[in-house]
Amino acid sequence: MAEVEVVTSKTDGGVRSIARSVEVLQLFDVEHPTRTLREIVASTALPKTTVVRMIATLESLGLLVDQRDSTYSLGAGFLRWVDLAQSLWTVGADARRIMARLVDECGETVNIYIRQDCSRVSIAQVEGTATVRSVVTTGVPYSLDTGASAKILLIDAPESVLRQLFEGCAGGERTELANEVAAAADAGYAVTHGERELGASAVAAPVVSTGGRVIAALSMGGPTSRFTPDRVRRYVDAVTAAAAEINRVGLGSVEAFL
């Protein structure tokens, strides 16, 4: 048999460099607007020399800025994409009004989640009115195997996504997740308690395209202490009714990406 030579292309190295750069940028958020060089090295587990080179490249592109003393924050270069991203991924006014009305009715935080590969991402959020409420960060990927919205988003997920999710699951866990997704498809909603985060509960219902494909999940979440059996029944009715209304008016131009 002829020997096969394995070649590592420049493209492979380029992809790794991009992934590592994104990993650095993901360290910055509302709670961490600045990061020191020491923090970046510790968080990425990369050699200091590699991190220094990456930071220099990101600085040259305007994506990071040195605030002196080796403390960095996001650069002004990101501003060129902010308005564009918001315009492309903004949920339509009609759908947002329905979300706001649902918050007024139930008092809990409402999100629109979409599936991106093996993650779920909130693209719109209206915060609840209670002092203690459940809030997630829009645009941040969360697990697709936990939470009520995940069960909804998996209803029409490709087999490749299911296989990837099942890879790290034991046989019993795979069966349980598959049964939960099937139950959500049959019922038209999903309810979970403490799956993504202990003490947090959620009710979710599908948002579908004109062809009937699940493209998003309307989710309402809050502290488990408030999701009593009586309230859950009321929340299910409210969320499914709101989702049905969104199905009629649509999510807006963002549907082109879903």
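Modeller: Two rings of Phe, Tyr or Trp count as an aromatic pair if their centres lie within 6.5 Å, the six-membered ring being the one used for Trp. The model we are discussing is a predicted one.

Colleague: How many aromatic pairs does the structure hold?

Modeller: With that definition in hand, the pairs can be counted over the model, and one of them joins Phe 78 to Trp 81, with 6.1 Å from centre to centre. The number of aromatic pairs that the structure holds is three.

Colleague: How is the pair of Phe 78 and Trp 81 arranged?

Modeller: Planes over 60 degrees apart count as edge-to-face. The planes of Phe 78 and Trp 81 stand at 70 degrees, and the pair is therefore edge-to-face.

Colleague: Why is the pair of Trp 89 and Phe 257 given the class it has?

Modeller: Trp 89 belongs to helix H4, while Phe 257 lies in the segment after H9, 168 residues apart, and the pair thus links distant parts of the chain. Planes under 30 degrees apart count as stacked. The two ring centres are 5.1 Å apart and the planes meet at 25 degrees, so the pair is stacked.

Colleague: Is Phe 257 buried or partly exposed?

Modeller: A residue is buried under 20% relative accessible area and exposed over 50%, with partly exposed in between. Phe 257 has a relative accessible area of 44%, and therefore counts as partly exposed.

Colleague: Which residues make the nonpolar surface patch with Phe 257?

Modeller: Trp 81, which is partly exposed at 40% relative accessible area, is one of them. The patch covers about 380 Å², and the residues that make it together with Phe 257 are Trp 81, Leu 84 and Leu 88.

Definitions and conventions. Residues numbered from 1 in each chain as written. Predicted model: local features only at pLDDT ≥ 70, side-chain atom pairs only at ≥ 80, totals over all residues. Heavy atoms only, no water. Patch = residues over 30% accessible without salt bridge, like charges linked within 9 Å, V, L, I, M, F, W, Y side chains within 5 Å. Areas by Shrake-Rupley, 256 points an atom, 1.4 Å probe, with all protein chains shown as cover. Salt bridge = Lys/Arg side-chain N within 4 Å of Asp/Glu carboxyl O. Buried < 20%, exposed > 50% of the residue type's maximum accessible area, 1.4 Å probe, protein only. Helix = DSSP H or I, 4+ residues; strand = E, 2+ residues; numbered from the N terminus.
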